[in-house]
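Let's take a friendly walk through a protein model together. Keep the structure open beside you as you read.

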Amino acid sequence: MTVMSGTHSLHGSVDDAALGPGTPLVFRLLSCDQPLAGSSCHVLDGVASVAIGRAAAPSVQRTPGALVLGVPDKAMSSAHARLVRDGRRWVLEDAGSRNGVVLNGEREDRAHLVDGDLFELGETLWLFRDRGGPRRRELPLDLDDRALPEPLPGLRTFSPALHEAYEALARVVHVRVPVLLQAESGTGKEVCARAIHAQSRRPGAFIAVNCGALPETIATSELFGYRRGAFSGATEDRGGLVRGAHEGTLFLDEIADLPLGSQALLLRVLQEREVTPIGATQPVPVDLQVIAASHRDLKALVRQELFRHDLYARLAGFSVRLVPLRERREDFGLLVATLLARSPFGATAQLTANAARALVAYDWPLNVRELESCLTVASTLADGGPIRRRHLPETLREPAAASPDEPAPAGEDPQRKAELIALLREHQGNITSIARATGWNRVQIHRWLKRFELDPRPFRGR
């Protein structure tokens, strides 16, 4: 048996597996009693069955067609659960455990898995992925998250899309081209920009500017500087933020909020690599890397003439999308371990299964920033004890409201309510069974049930 050592090196097969679309993966996502332990990924290609059970230390054993995963979880049985290939699908089975198997919050003895399913064995959460997505990178068959490659300093991910973005950025750090990071708020745009600066080893400073916080009346003077006497109140020469980033990196967050007048001056900086302070007659050469970021659709703003098309063309020459947290659930254990370590009582933090399930199931509309705030507050409220669901924000203690990209049923929609009642009767209140039969997301089913004030429990056992 190959044991995952404290050095978190690569394990399992020494051969790399080229992961293409449809490659099934299982992640040991989060250990409630040891959330700082991180997570691991296991490739299921070429495997017909996976046995999961309690072990003295994290372990992996591969034999032809079979995989055995050991987990140091006292709440697990030595033979707790199995994953069995059933044609092109995978089945999760209880292997006679004393604590059972919980799939998406419901006890199950046997169920077909779909992409994104979350299951609990003892106090350990697991994530099943049935499709790898486009152009997945090569990964060892078994990989601990701390052995993940870092294309940029401190940036590791199991997400193929995010890893591809990091690798692309790493290839251009020594090329003087503007970079545009397109991502939702809270996804870590500045963290990424700082990593690019660190990788570039440029001797100058990293200057971060929130363009949305710059009043239009002073944006130009703050960015590009001014000469004494250039305007009322200009009592001394100021170099400005652009010159402050000379031989370094200028990070312009929320670039969409930069006033049009300042956009024109920024375009000149990018084209001519020089800046002319207000009131000056001669430009000053500057050598800097410009990284811009926005959560808004810059193309749409260009069409509305709210953003300069020539500046967008210059910035979008190298554009990268950073995926939101809800699209990288496989990174949840890695992120929780990293963020909890920074929080009060982080070194001894534990989670109840109920709290862990709520954290993983939540959509995180404000992304990693929201998760970090949540864990900091929760660990403080827990005061050294286990983080329980009552320590989480109210939005995580109650079923989430329908997200903007999911159709929310109208309260007066009798057809949907009648359909749900019929499905509850047919499947005896089993939400997992309803989701499999309809293809609906289980979280959305729960949202509809709450909206229509339907309780599945009375339908069970009919």
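**A helix and a strand**

Helix α12 (residues 414–426) has 13 residues and spans 18 Å from first C-alpha to last, close to the 18 Å expected at 1.5 Å a residue. That expected span is 1.5 Å times one less than the number of residues. Helices (H or I, at least four residues) and strands (E, at least two) are DSSP runs, numbered from the N terminus.

This is a predicted model, where local features need pLDDT of at least 70 and side-chain atom pairs count only at pLDDT 80 or more, while totals for chains, interfaces and linings use all residues. Residues are numbered from 1 along each chain as its sequence is written, and side-chain values use heavy atoms, leaving out hydrogens and water.

Within α12, L420, L423 and L424 are buried (under 20% relative accessible area, with exposed over 50% and partly exposed in between; 1.4 Å probe, protein chains only). Because these residues cover an arc of only 100° around the axis, they sit on the same side of α12; the arc is that of the directions from the helix axis to the C-beta atoms. On the face turned away from the buried side you will find the exposed P414, Q415, R425 and E426.

Now turn to strand β14 (residues 124–129). Six of its six residues are buried, so β14 is largely enclosed by the rest of the structure. T124, W126 and F128 lie on one side, and L125, L127 and R129 on the other. In a regular strand, side chains alternate between the two faces of the sheet.
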